[in-house]
Every structure is written in C-alpha cells, then in structure tokens.
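Here is a brief report on a two-chain model. It takes up a sheet, a domain division and a chain contact in turn.

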Amino acid sequence: MNKTDLLKRYEDMKEEARQSIQARQEKSLVLIGTATCGLAAGAMQVKEDFIREIETKGLEAEVIEVGCIGHCYAEPLAIIAKPGYPAVCYGNLDEGLVHRLVEDFLAGDDPSYEYAMAALDRNDEFPTFEDFPRGVYEEKMILEHCGLTDFKKIESYIANGGYEALAKALSEDPGFVLEEVKEANLRGRGGAGFPAGKKWEACLNNGENEKYVICNGDEGDPGAFMDRSVLESDPHLVIEGMILCAYAVGSHQGYLYIRAEYPRAVEHVREAIKQAREKGLLGSSILGTDFSFDLEVFQGSGAFICGEATALVNSMEGKMGMPESRPPRLVEQGFRGKPTVLNNVKTFAYVPLIISRGADWFKSTGTSESPGTAVFSLVGKINNTGLVEVPMGTTLRQLIEEVGDGLPNGREFKAVQIGGPSGGCLPESSLDVPIDFDSLHEAGAIMGSGGLVVMDQDDCMVSVARYFLEFTQHESCGKCTFCRLGTKHMLDILTDITRGEGDLETLELLKELSEDVRDGSLCNLGRTAPNPVLTTLRYFYDEYRAHVEEGRCPALVCRDLILYYIKPPKCSKLCNVCVGSCPTEAIYTREDGLKAIDQDKCVKCDNCRKACPDEYDAVIKLSPPELPAEKERKAK
Amino acid sequence: MLQLKEGEKEEILACVKEVLGENSKTHENLIPVLQQVQKKLGYLPVLAMEKIAEGLDVPAADVFGLATFYNQFRLNPPGKHEVKVCLGTACYMTGGDITLESFERRMEIKESETSPDRHYSLERVACVGCCSLAPVVVVDDQVEGKVTPTRVDGIMLELEADRDGPAGEESGPKEGGNSEQD
C-alpha cells in the first residue's frame with residue numbers, strides 16, 4: 001500500500017468518526033465523570049438522576065459516561081453541552097441540583113451559572129477553566145481529552161485526531177518514529193526519567209525477531225492515581241503510543257500490565273483494544289500495511305515491587321516478583337528472554353502527540369533537560385485536590401498555591417511529600433525548586449510517578465516517615481539483606497521514636513542505617529526507601545529531637561505522646577455530646593456537671609474532639625502527655 | 001486460621017480438582033491456578049494450596065510463597081460483609097489508622113482477619129484512588145468517604161442489623177461455624 005492510500009484510508013475513517021460524533025452533538029449531551037474518584041463520590045446516582053429527570057421531561061438529551069477531568073474536589077461533576085450554549089461544567093452535584101439543571105437548562109434556557117464551575121469553550125458569558133489561576137499554569141498534553149471524551153467509543157478518539165500519528169508514522173520508515181522521540185528528548189515518566197528514545201534504540205539494535213513492548217500500569221504508590229486516570233479516561237492514547245513504539249523497534253506483541261486493583265482501567269482498556277482491532281488499527285496488517293502488532297492485558301496480582309521492570313517481567317512469567325541484577329537489561333534480555341521495551345503509561349501517552357505535532361512542539365514546553373509536562377495527583381491538605389498537568393519547570397510554590405489554591409481554612413504549610421514511598425518531604429524553604437527530574441533529585445526528593453501530598457502543622461513528620469517506611473518494609477521482596485532487614489530495623493527505631501523512646505544517638509543510628517540500606521540494595525525500592533526518613537531528618541530534625549528529648553510530638557499526632565483533655569472553663573454542663581461519642585465509655589460527668597476523661601479507658605480515637613460543638617471547642621490534645629495537675633485535682 | 005465449616009472440605013477438593021483439570025500442569029500455571037481457585041472460593045484455604053502443590057508437583061512452600069508474596073491472594077475466607085479500610089497516604093494523613101482501629105475494636109478482630117462467625121472481614125488496602133474523599137472505607141464494594149469513628153459506629157449498626165436468624169442472637173451459626181484460633 002502506498003503512502004497516499006494509507007493516509008486516505010485514515011482520512012476516511014476520521015471523517016466517518018467525525019460525522020457520527022457530530023450527529024450526536026446535535027442534541028444536548030450530559031457528560032458525567034465516572035472514573036473511580038467520581039464513582040466514589042456518587043456519580044452513578046447522579047447519572048440515574050439525570051436519566052430519570054430527562055425521561056420525565058421527555059427531553060432529547062443523551063447521558064454519557066466520561067473519565068476524569070481532574071477536578072476531584074468537586075466530584076461528582078458533569079458537563080452539559082447544549083447546542084447554542086457554551087459547554088458548562090457543574091460540580092458537587094446532588095439530586096436537587098440535577099433536577100434544577102434539567103428543568104432550567106436542558107428544558108429551559110438558563111444555564112444556571114450560579115452553580116457552574118466553569119465553561120469549557122470560550123464565550124462572552126462565563127469564565128472558562130483557563131481563566132482561573134489553575135488554568136493559567138496548567139498545560140494539558142496527555143490529559144487534554146481526559147474527562148471530555150467518551151472512552152467507550154473509539155470514534156470520539158479518532159474524531160479528535162486520534163490514530164493520526166499512527167497513520168503518519170506508517171507512511172514513513174520506522175526510523176522516523178525513533179528519531180522524533182529521540183529528538184523530543186522524551187524522558188520516562190515512571191520516575192527515573194531515562195530517555196525513552198535511547199531505550200527504544202537499544203532494543204531496536206538487538207536485532208532479534210521476537211521483541212515485546214510492555215506498558216507498566218502497576219501504579220502502586222499509595223496516593224497516586226495518574227496512570228489509572230489516563231487508562232480509564234483515554235485508553236486509546238496509550239494504545240496508540242504502544243503501537244508506535246512497536247513500529248519503531250519492530251515488535252509484534254505487547255502487554256499492558258495493569259494492577260488488579262484497577263478493575264475499571266482493565267475493563268476500559270480491554271474494550272478499547274477490541275474496538276481498535278475492529279477498526280484495523282491493531283492486529284495483523286494495521287491500516288492495510290504489512291505491519292502487525294497485537295496487545296493483551298495482564299492483570300498484576302498486587303505487589304509494589306512489580307513496578308520495578310525486572311520484577312514485573314518475572315511476575316508475568318509466573319514467578320515471584322523479585323528484581324534481577326542488571327545487566328542484562330530488559331532491552332537485551334527481557335520478557336521470555338527476548339528484547340523488551342518497558343515504559344510507563346504516561347510515557348506512551350506522549351508518543352502519539354509527539355509524532356503528530358512534532359518534537360519541536362513538545363520541546364517548546366518545559367525545560368531543556370526535561371521537556372514536556374508533569375502530571376501530579378494533588379492530595380492532602382490542599383483546596384483543589386485532583387489531577388493536574390503543568391509544564392516541567394513550574395515551581396512547587398506555583399503548583400501548591402496557584403494550581404492547588406493553597407491550603408484550606410488558612411492552615412499553615414509545613415511540608416510537601418513528592419514521589420510516594422520512594423520520594424522525600426520538602427519544607428517551605430524548598431518550595432521554589434522547579435519541578436523537573438534533576439532539580440527534585442538534588443533537593444532530596446524524586447519525581448517518582450507523581451504523587452504529591454501537602455502537609456500542614458497538624459502532620460507529624462516522624463509519623464509520616466514511619467508510615468512510608470512501614471509501606472516499603474511490607475513491600476520489600478526480601479531479596480537483599482539490607483532492604484529486608486535494614487528497613488525492618490529502621491521501622492523499629494522510628495516506632496520507638498514515635499513513642500518518645502531513644503536519644504540523639506538513636507537518630508544518628510537511624511541516619512547511618514538509612515544510608516546503608518540506600519547503598520546496599522539492588523533495586524530502586526531499597527535504594528529509595530530511606531528517602532522519606534533522610535529528608536525528614538534533614539529538614540525537620542527539630543521534630544525528631546522533640547520526640548526523643550522531650551517526649552513531645554509537636555504536631556500532636558503520635559498517640560503515645562499525647563493525651564486528650566477537656567478544658568473545664570470551656571466545657572458546658574448543658575452538653576453531653578462527647579459522652580455519647582466515646583466508644584469506650586471513658587468520658588464521665590464530674591460532680592460539677594462538667595465532663596472529664598478517664599485516661600485509663602481512653603483509646604485516643606479523636607471522636608470526642610470532633611464531636612465537641614464548635615462553640616465550646618473544649619477537647620484538646622496535650623503533649624507531652626501530662627495532665628495539668630491543679631485543674632485535675634479540682635476535677636476530683 | 002478459621003476452621004472449616006461442614007461440607008466445606010468437599011467443596012474445596014472439588015474446586016481444586018476442577019481447576020486443575022482445566023489447566024496444564026506446569027509450574028508456570030501456578031499463578032493462574034491460584035487466581036482461579038480464589039475466584040471460585042473467595043480465598044485460598046490451606047487445604048486447597050496443599051492440593052494444588054500436589055497437583056502441579058511443586059513444593060508446597062512455593063505455593064505458600066506465591067500466595068503470601070502477592071497482595072491479591074487472601075488466606076482467610078471473606079466475611080458476609082467485607083470492609084476495606086484505605087491506608088493510602090492521603091487517608092493515613094486524615095486519620096485512616098484511627099478508622100481502622102475503630103473497626104478492629106467494634107468487630108473484635110484485627111486487620112486481614114475474619115470474625116469467627118464469618119459475618120465480617122476486615123482488610124487494609126493501599127489506595128482506593130479517591131484521595132479527595134479521605135479517609136475512605138470500602139464496605140461491600142460501596143465506597144464511603146470521610147469516615148470518622150462516629151461514622152464507623154453508624155456503618156457497624158447497619159451491618160449488625162443484617163444478621164441472620166432471630167434478633168438478639170449474639171453470635172453466628174452454632175454448628176461448626178464458631179471456631180477458635182488454629
């Protein structure tokens with residue numbers, strides 16, 4: 001097939017897709033975000049409400065499930081696209097609001113802007129997402145269509161120019177794809193930032209006939225969900241990226257390794273693969289050329305270590321997911337002993353964009369060493385939790401204060417944790433660090449897969465370090481002594497510190513052990529596991545000291561170092577809320593009618609403090625755990 | 001480890017036999033076989049793992065090794081009501097551990113255990129993926145956001161109300177169902 005026929009075949013396909021999408025857009029559309037985050041917030045109920053209301057009114061409108069638009073703080077949310085009006089996004093939906101939107105907007109002509117978050121198209125009436133500070137900093141590449149496109153229909157993807165890159169690439173030599181990716185300096189988004197082009201080239205040069213392309217969707221970071229969102233919301237983008245990679249390196253079989261904990265991602269990807277096969281975009285002789293490539297989904301059994309390349313391959317071969325020493329690298333000897341390219345979900349997702357828009361377009365965003373964008377899941381003590389995509393080089397301060405809209409209720413920023421269990425905690429003074437692979441590494445954190453947790457004065461850094469270490473210790477595969485035993489001992493030491501045991505020497509020992517574990521482990525799990533400890537020791541040493549020297553937890557978190565106390569002057573005789581809230585009957589009424597806590601029974605569950613009405617606010621935490629002596633005597 | 005109920009042994013043996021019959025007996029098939037058996041039984045009883053080891057001619061230690069290495073496999077039967085407490089970063093920061101402890105106290109079991117009457121099972125999971133709702137608990141596949149200890153009590157009331165048999169009966173089925181630690 002010659003070049004012209006190939007491109008024509010694609011153009012016809014695109015035209016057909018566009019027409020079917022256009023026909024759909026002639027009536028009103030309600031797009032409901034039903035990614036995992038939306039579902040958790042009740043998106044299915046909202047969908048039912050919309051369908052019911054629309055039916056009752058006998059309206060011509062279609063309700064479509066879409067993926068994640070990234071504004072998780074406002075879930076459940078929906079976008080209403082009515083012909084003649086700008087598409088408008090509404091958040092925090094409930095039955096009443098749905099009723100009103102259907103009645104006023106779909107049936108009437110009032111877009112109810114007072115409930116709208118933003119418009120999606122430029123217009124004269126209502127601001128768009130780009131008009132907010134977040135929109136100014138955000139630049140969407142791989143998330144461009146997430147949450148706006150119908151993931152169940154390949155036509156939506158094609159009508160937006162999907163698979164155009166594939167048609168373009170197939171009309172050129174495989175070398176064209178490789179050159180563009182190399183020229184774009186696309187660095188692996190799995191965390192380490194290894195140039196994808198180099199990896200592909202090495203695989204290509206290994207000359208064997210049988211080669212594999214594997215997509216790493218084993219996103220195991222607790223608190224990160226970027227890969228899941230991309231797979232759920234725009235699966236074809238990843239699939240197209242993998243086909244392009246396969247074309248470049250000469251592979252005919254690929255696998256998407258997806259966590260079993262992401263059932264919706266698995267489901268959406270499987271459906272997308274099926275539709276791509278039907279369209280002749282996947283399988284044998286793609287788009288009529290003699291290039292063939294097929295994809296399968298492999299469900300991971302759930303082990304954090306399987307995010308490591310060699311461990312992932314081992315687990316695909318039916319073994320325990322233990323890493324191997326490299327070399328041989330996967331591009332030399334990978335899955336079934338054959339050359340294998342393994343990249344992260346996001347890395348593949350950039351490829352179609354680079355091929356269709358060119359390497360220069362990609363490089364025009366971000367920094368020279370780390371071009372392109374970075375995707376973060378923004379969580380913790382921040383107003384706008386959700387999924388954000390910003391150019392590399394944006395500072396952490398911009399990301400937190402502008403894009404994330406700062407901390408809620410005027411809370412004070414304390415630290416930001418980047419990169420999950422392998423990353424580090426950075427303090428206020430590091431906020432002007434630009435986000436790119438190298439700068440973050442220098443500051444002691446890593447880019448990681450992109451989890452970003454904001455912490456405030458109520459978060460104890462020792463406890464946070466302990467939390468991450470508990471996670472890595474549990475997930476350590478047990479191969480290397482330093483990682484297996486070292487992390488265990490580190491965890492023991494940290495646990496002691498949270499109990500106020502130990503002294504300054506303990507802290508020295510912890511630091512020493514951290515460095516040993518870092519140096520003595522084979523894979524990145526062990527090598528980076530001490531990062532949360534090392535960075536908190538470096539930036540928050542005073543907090544560690546307060547624990548061991550004073551038996552005090554400054555953030556009032558470590559439960560062995562605090563007690564709950566009801567301040568008599570603030571407590572009211574007329575209120576009994578705390579008594580009922582206590583699960584262990586530790587709260588009693590004193591002779592004077594005020595309440596007090598029996599410290600022997602108290603399990604420090606925080607119920608009473610939450611239950612105490614705001615106007616009294618009488619329950620407080622004290623650290624070190626010593627009752628104010630005089631007042632307690634009065635109580636008796 | 002919970003004791004088997006009456007008739008359960010036969011059920012396990014039949015299931016393992018069926019799954020082994022459907023798969024070629026190679027070491028490579030160990031994970032798929034374990035996955036299929038777990039899908040049918042809801043968990044991997046010791047007996048099943050022993051039989052699988054025999055059937056595939058691999059050391060029982062290898063089977064235990066895999067089953068304990070991967071988080072997907074569970075060694076306790078699921079309770080009638082499964083509660084999963086998320087302890088991802090965001091949930092931990094907002095008090096997920098307190099929520100977990102509240103469940104442990106109310107159910108009188110520890111995480112990754114099943115109550116002797118098999119009414120409840122309690123697990124911790126790494127991240128459900130809806131961090132903006134932290135702390136999150138998944139009750140029988142239904143996600144509950146912002147779960148405080150007070151809400152735990154509410155959830156427990158709902159689950160307690162769903163006991164079989166006459167109201168007021170404190171424990172589950174008498175015959176063979178109640179069991180002690182192995």
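## The sheet of chain B

Strands S1 (residues 81–86) and S3 (residues 120–125) of chain B run parallel and are joined by 6 bridges. Helices (H or I, at least four residues) and strands (E, at least two) are DSSP runs, numbered from the N terminus. Cys86(B) has Val125(B) in S3(B) as its bridge partner.

This is a predicted model: local features need pLDDT of at least 70, side-chain atom pairs count only at pLDDT 80 or more, and totals for chains, interfaces and linings use all residues. Residues are numbered from 1 along each chain as its sequence is written, while chains are lettered from A and ligands numbered from 1 in the order in which they are written.

In chain B, 5 strands form an open sheet, ordered S2-S3-S1-S4-S5, with mixed pairing. Two strands pair if DSSP finds at least two bridges between them. Strand S2 (113–114) and strand S5 (142–144) of chain B are the edge strands, each pairing on one side only. Helix H6 (residues 96–107) of chain B packs on the sheet and touches S1, S3 and strand S4 (137–139) of chain B. Contact means C-beta atoms, placed from the backbone, within 7 Å.

## Domains of chain B

Chain B has domain 1 (8–69) and domain 2 (81–160). The bounds come from an automatic or database domain assignment. Over C-alpha atoms, the centres of domain 1 and domain 2 of chain B are 29 Å apart.

## The contact between chains

Chain A gives 37 residues to the contact and chain B gives 34 residues. On the chain A side, H2(A) supplies the largest share, 4 residues.

Notes. Contact = placed C-beta atoms within 7 Å. Axes fitted to C-alpha atoms, helices over the stretch in contact; angles between N-to-C directions.
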